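The following paragraphs lead the reader through a protein structure, from the overall fold to selected residues. Please keep the sequence and the model in view while reading.

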Amino acid sequence: MNAPESEAELCRRARALAGRTVFEVAEKLAVPVPSDQRRAKGFVGTLVERALGATAATRSAPDFEALGVELKTIPVRRDGRPRESTFVCVIPLARIAELEWETSPVRAKLARVLFVPVEAEPDLALGARRLGSPALWSPSRADDSVLRADWEELAGLIGAGHVEAVTGHLGRALQVRPKAASSRDRRRAPDADGAWLATVPRGFYLRATFTAEVLGRFF
C-alpha cells in the first residue's frame, strides 16, 4: 500500500477499514493471522499500519512521516472503553534532564494522532475482532497543559535521579511503565548522587482514562 498523500486520504482509508475483522484485513494483505493470541502482541497495530500505508522506518518518526501523523490502535471493550494504557515512546533515561516539553519525544509523538479502536474482549478470537471508526486528534490547549504537567513531573523525577521511585500511579494523563523486550534488558539512568545506574527500560504511556475521554469527544 502506497503512503497516503493527505490527511483526508488517510482518514478515508481508515474509515474503509471500520467494521472489518482482523481476518478480513489480513486476508486482503495476504498476511496469516497468528493462531496463538498470547504471541500476537503488536500484530493488529502492524497490520493496520500496512493497510493504511504507514511509512516510518524507525520508532522516532511518526508512522505517516510526510503527514506528521502517528497511528495508535486502541484495544477496547464492548462498550468502547479502552482496555489498557497506550504506549507513546521509549524514555531516553540518560538524557531526559536535557529535554524540555516543547522538544520532548512525547509531544512530537502526540502532536497528531490517528486512533483506531479494535475490539479486544478476551473471549473473542483475534481474527474475529473488528476495527472501529477512526478518530484524528490533536491535543487541545487543556490536553497540552495536562500532558506538559505530567511530563515535567515525571521527567523531572527521572532526571533528578529518582527513576526507581517513579511508578505507574503518578501522572493524570501520562504514566511511566517498564518497556523491555526481556527481563535482562538494561539502560543507563542517573542516580541521586549523579552517578549512573543500570535499570530496566521504561516508556511513556497514555492512561486509559485519558484516551477514553479523548475518544468520547468523537463517539
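The protein contains six helices and eight strands; here helices (H or I, at least four residues) and strands (E, at least two) are DSSP runs, numbered from the N terminus. Read from the N terminus on, the elements follow the order α-α-α-β-β-α-β-β-α-β-β-β-β-α. The radius of gyration is 18 Å, close to the 17 Å that the globule rule gives for 219 residues, so the protein is as compact as a globular protein of that length. This radius is taken over C-alpha atoms, and the globule rule is 2.2 Å times the number of residues to the power 0.38.

The model is predicted: local features need pLDDT of at least 70, side-chain atom pairs count only at pLDDT 80 or more, and totals for chains, interfaces and linings use all residues. Residues are numbered from 1 along each chain as its sequence is written, and side-chain values use heavy atoms, with hydrogens and water left out.

Along its principal axes, the C-alpha trace spans about 55 × 40 × 35 Å. Of the 219 residues, 42% count as buried; buried means under 20% relative accessible area, exposed over 50%, and partly exposed in between (1.4 Å probe, protein chains only). The accessible surface comes to about 11,700 Å², of which 50% belongs to carbon and sulfur atoms. Such areas come from the Shrake-Rupley method with a 1.4 Å probe, and for residues only the protein chains shown count as cover. Among the contacts (heavy atoms within 4.5 Å) with a separation of 6 or more, 65% are between residues 24 or more positions apart.

Several individual residues may now be considered. Serine 85 has its place in the loop between β1 (70-76) and β2 (86-90). Serine 85 is buried, because its relative accessible area is 12%. Its side chain makes a polar contact of 3.3 Å with the side chain of glutamine 175 and another of 2.3 Å with that of arginine 177. A polar contact is a pair of N or O atoms within 3.5 Å; within protein, one must be able to donate a hydrogen and the other to accept it, and residues adjacent in sequence count only if both atoms are side-chain atoms. Leaving aside neighbours within four places in sequence, the residues in contact with serine 85 also include Tyr205, Leu206, Arg207 and Ala208.

Lysine 72 belongs to strand β1. With a relative accessible area of 10%, lysine 72 is buried. A polar atom of its side chain lies 2.6 Å from the backbone oxygen of phenylalanine 87. Not counting residues up to four places away in sequence, lysine 72 touches Thr86, Phe87, Val88, Val113, Leu114, Phe115 and Val116.

Glycine 168 is located in the loop between α5 (141-159) and β5 (174-178). Its relative accessible area of 26% makes glycine 168 partly exposed. Beyond residues up to four places away in sequence, glycine 168 touches Gln175, Val176 and Arg207. From C-alpha to C-alpha, glycine 168 and proline 178 are 9.1 Å apart in space and 10 residues apart in sequence.

Alanine 30 sits in the loop between α2 (22-28) and α3 (43-52). At 69% relative accessibility, alanine 30 counts as exposed. Its phi is near 60°, a positive value in a residue other than glycine.
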